[in-house]
Amino acid sequence: MPAKKLFLIHSRYPFVDTSAATVSVPFDENQTASLYQAFLLDTIERLSQIPGIAIRVMAANDTEMKHLAGFLDGVEVDYYSGDTIGDRFANAAEEAFNNGIRQVFIVDSAVPSVPIRIIQSGLSLLEVFEDAFAIAPIERGGFYAVGMN
(Lines give C-alpha, C1' and ligand atoms only; values in the text may rest on other atoms or scores of the structure.)
Protein backbone atom coordinates (compact mmCIF):
# COMPACT_ATOMS: atom_id res chain seq x y z
CA MET A 1 0.00 0.00 0.00
CA PRO A 2 1.49 3.38 -0.97
CA ALA A 3 2.24 5.90 1.77
CA LYS A 4 -0.50 8.41 2.52
CA LYS A 5 2.03 10.82 3.99
CA LEU A 6 4.80 12.62 2.15
CA PHE A 7 7.91 14.55 3.11
CA LEU A 8 8.79 17.07 0.40
CA ILE A 9 12.37 18.14 0.97
CA HIS A 10 13.15 21.56 -0.46
CA SER A 11 16.63 21.19 -1.94
CA ARG A 12 19.11 24.03 -2.05
CA TYR A 13 21.78 21.93 -3.69
CA PRO A 14 24.03 22.57 -5.59
CA PHE A 15 23.44 26.28 -5.97
CA VAL A 16 24.24 28.98 -3.43
CA ASP A 17 21.04 30.51 -2.08
CA THR A 18 21.57 34.25 -2.22
CA SER A 19 18.10 35.03 -0.85
CA ALA A 20 18.78 33.67 2.63
CA ALA A 21 21.98 33.80 4.65
CA THR A 22 22.10 30.12 5.59
CA VAL A 23 25.89 29.94 5.36
CA SER A 24 27.89 32.78 6.90
CA VAL A 25 31.35 31.31 6.32
CA PRO A 26 32.97 32.38 3.02
CA PHE A 27 33.00 29.14 1.02
CA ASP A 28 33.80 28.83 -2.63
CA GLU A 29 31.13 27.30 -4.92
CA ASN A 30 32.50 23.74 -4.64
CA GLN A 31 32.65 23.90 -0.84
CA THR A 32 29.14 25.33 -0.69
CA ALA A 33 27.82 22.63 -3.04
CA SER A 34 29.48 19.94 -0.88
CA LEU A 35 27.96 21.45 2.26
CA TYR A 36 24.47 21.57 0.74
CA GLN A 37 24.85 18.00 -0.53
CA ALA A 38 25.75 16.90 3.02
CA PHE A 39 22.76 18.85 4.40
CA LEU A 40 20.43 17.17 1.90
CA LEU A 41 21.76 13.66 2.54
CA ASP A 42 21.58 14.18 6.33
CA THR A 43 17.99 15.45 6.05
CA ILE A 44 16.97 12.43 3.95
CA GLU A 45 18.66 10.03 6.37
CA ARG A 46 16.99 11.58 9.41
CA LEU A 47 13.51 11.73 7.87
CA SER A 48 13.86 8.13 6.67
CA GLN A 49 13.81 7.09 10.33
CA ILE A 50 10.11 7.98 10.55
CA PRO A 51 8.12 4.98 9.27
CA GLY A 52 5.24 5.13 6.83
CA ILE A 53 6.15 8.37 5.09
CA ALA A 54 7.35 8.66 1.50
CA ILE A 55 10.17 11.09 0.70
CA ARG A 56 10.48 13.25 -2.41
CA VAL A 57 13.09 15.95 -3.08
CA MET A 58 11.93 19.20 -4.68
CA ALA A 59 14.47 20.53 -7.16
CA ALA A 60 14.64 24.21 -8.08
CA ASN A 61 14.79 23.52 -11.82
CA ASP A 62 15.31 20.78 -14.41
CA THR A 63 19.11 21.06 -14.26
CA GLU A 64 19.14 20.58 -10.50
CA MET A 65 16.62 17.74 -10.79
CA LYS A 66 18.91 15.82 -13.15
CA HIS A 67 21.94 16.51 -10.97
CA LEU A 68 20.20 15.37 -7.78
CA ALA A 69 18.88 12.21 -9.44
CA GLY A 70 22.52 11.34 -10.18
CA PHE A 71 23.42 10.80 -6.52
CA LEU A 72 20.09 10.25 -4.75
CA ASP A 73 19.51 6.53 -5.20
CA GLY A 74 16.04 5.39 -4.23
CA VAL A 75 14.70 8.90 -3.59
CA GLU A 76 12.24 10.49 -5.97
CA VAL A 77 13.31 13.89 -7.29
CA ASP A 78 10.90 16.24 -9.03
CA TYR A 79 10.70 19.83 -10.20
CA TYR A 80 7.62 21.93 -9.53
CA SER A 81 6.91 25.08 -11.50
CA GLY A 82 5.93 28.43 -10.03
CA ASP A 83 7.02 32.04 -10.03
CA THR A 84 7.94 31.99 -6.33
CA ILE A 85 9.03 29.38 -3.83
CA GLY A 86 5.55 29.63 -2.30
CA ASP A 87 4.01 28.84 -5.68
CA ARG A 88 6.30 25.81 -6.06
CA PHE A 89 5.39 24.58 -2.56
CA ALA A 90 1.67 25.03 -3.28
CA ASN A 91 1.94 23.22 -6.63
CA ALA A 92 3.89 20.34 -5.07
CA ALA A 93 1.38 19.96 -2.23
CA GLU A 94 -1.58 20.16 -4.62
CA GLU A 95 -0.10 17.45 -6.84
CA ALA A 96 0.48 15.22 -3.81
CA PHE A 97 -3.09 15.69 -2.56
CA ASN A 98 -4.45 15.01 -6.06
CA ASN A 99 -2.51 11.72 -6.05
CA GLY A 100 -4.01 10.45 -2.79
CA ILE A 101 -1.52 11.76 -0.24
CA ARG A 102 -3.35 12.84 2.95
CA GLN A 103 -0.53 14.71 4.68
CA VAL A 104 2.28 16.74 3.17
CA PHE A 105 5.22 18.00 5.22
CA ILE A 106 7.67 20.33 3.46
CA VAL A 107 11.12 20.43 5.05
CA ASP A 108 14.07 22.67 4.18
CA SER A 109 17.27 20.71 3.49
CA ALA A 110 19.46 23.57 4.78
CA VAL A 111 18.40 22.89 8.41
CA PRO A 112 19.53 19.27 8.95
CA SER A 113 20.03 19.57 12.71
CA VAL A 114 16.37 20.12 13.60
CA PRO A 115 15.46 17.57 16.27
CA ILE A 116 13.36 14.83 14.70
CA ARG A 117 10.96 15.13 17.65
CA ILE A 118 9.89 18.57 16.37
CA ILE A 119 8.97 17.09 12.99
CA GLN A 120 7.19 14.22 14.76
CA SER A 121 5.23 16.74 16.86
CA GLY A 122 4.04 18.46 13.70
CA LEU A 123 3.04 15.13 12.22
CA SER A 124 1.11 14.30 15.42
CA LEU A 125 -0.84 17.55 15.13
CA LEU A 126 -1.78 16.65 11.58
CA GLU A 127 -3.02 13.26 12.79
CA VAL A 128 -5.24 14.77 15.50
CA PHE A 129 -6.79 17.68 13.59
CA GLU A 130 -8.37 17.06 10.20
CA ASP A 131 -7.85 20.57 8.80
CA ALA A 132 -4.50 21.15 10.47
CA PHE A 133 -1.58 23.27 9.38
CA ALA A 134 1.74 23.07 11.26
CA ILE A 135 4.61 25.51 10.80
CA ALA A 136 8.11 25.59 12.31
CA PRO A 137 9.40 29.17 12.04
CA ILE A 138 12.99 30.37 12.16
CA GLU A 139 14.11 33.51 13.97
CA ARG A 140 15.40 35.31 10.86
CA GLY A 141 12.00 34.94 9.18
CA GLY A 142 10.45 32.21 7.13
CA PHE A 143 10.20 28.59 8.21
CA TYR A 144 12.13 25.34 8.02
CA ALA A 145 9.12 23.04 7.97
CA VAL A 146 5.43 23.29 7.17
CA GLY A 147 2.86 20.52 7.23
CA MET A 148 -0.74 20.31 6.10
CA ASN A 149 -3.64 17.94 5.56
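Among contacts (heavy atoms within 4.5 Å) in the protein chain between residues at least 6 apart in sequence, 60% join residues at least 24 apart. The structure is a predicted model, in which local features need pLDDT of at least 70, side-chain atom pairs count only at pLDDT 80 or more, and totals for chains, interfaces and linings use all residues. Residues are numbered from 1 along each chain as its sequence is written, and side-chain values use heavy atoms, with hydrogens and water left out.

The protein chain contains 4 helices and 6 strands, taken as DSSP runs numbered from the N terminus (helices: H or I, at least four residues; strands: E, at least two). Along the sequence these elements follow the pattern β-α-β-α-β-α-β-α-β-β. Of the 149 residues, 40% count as buried, where buried means under 20% relative accessible area, exposed over 50% and partly exposed in between (1.4 Å probe, protein chains only). The protein chain exposes about 8,400 Å², of which carbon and sulfur atoms supply 52%; accessible areas come from the Shrake-Rupley method with a 1.4 Å probe, and for residues only the protein chains shown count as cover.

Asp-108 lies in strand β4, which spans residues 103-108. Asp-108 counts as buried because its relative accessibility is 8%. Its side chain reaches the backbone nitrogen of Ala-110 at 2.8 Å. Apart from neighbours within four places in sequence, Asp-108 is in contact with His-10, Arg-12, Thr-43 and Tyr-144.

Pro-137 belongs to strand β5, residues 133-137. With a relative accessibility of 57%, Pro-137 counts as exposed. When residues up to four places away in sequence are not counted, Pro-137 touches Gly-142, Phe-143 and Tyr-144.

Definitions and conventions
A polar contact is a pair of N or O atoms within 3.5 Å; within protein, one must be able to donate a hydrogen and the other to accept it, and residues adjacent in sequence count only if both atoms are side-chain atoms.
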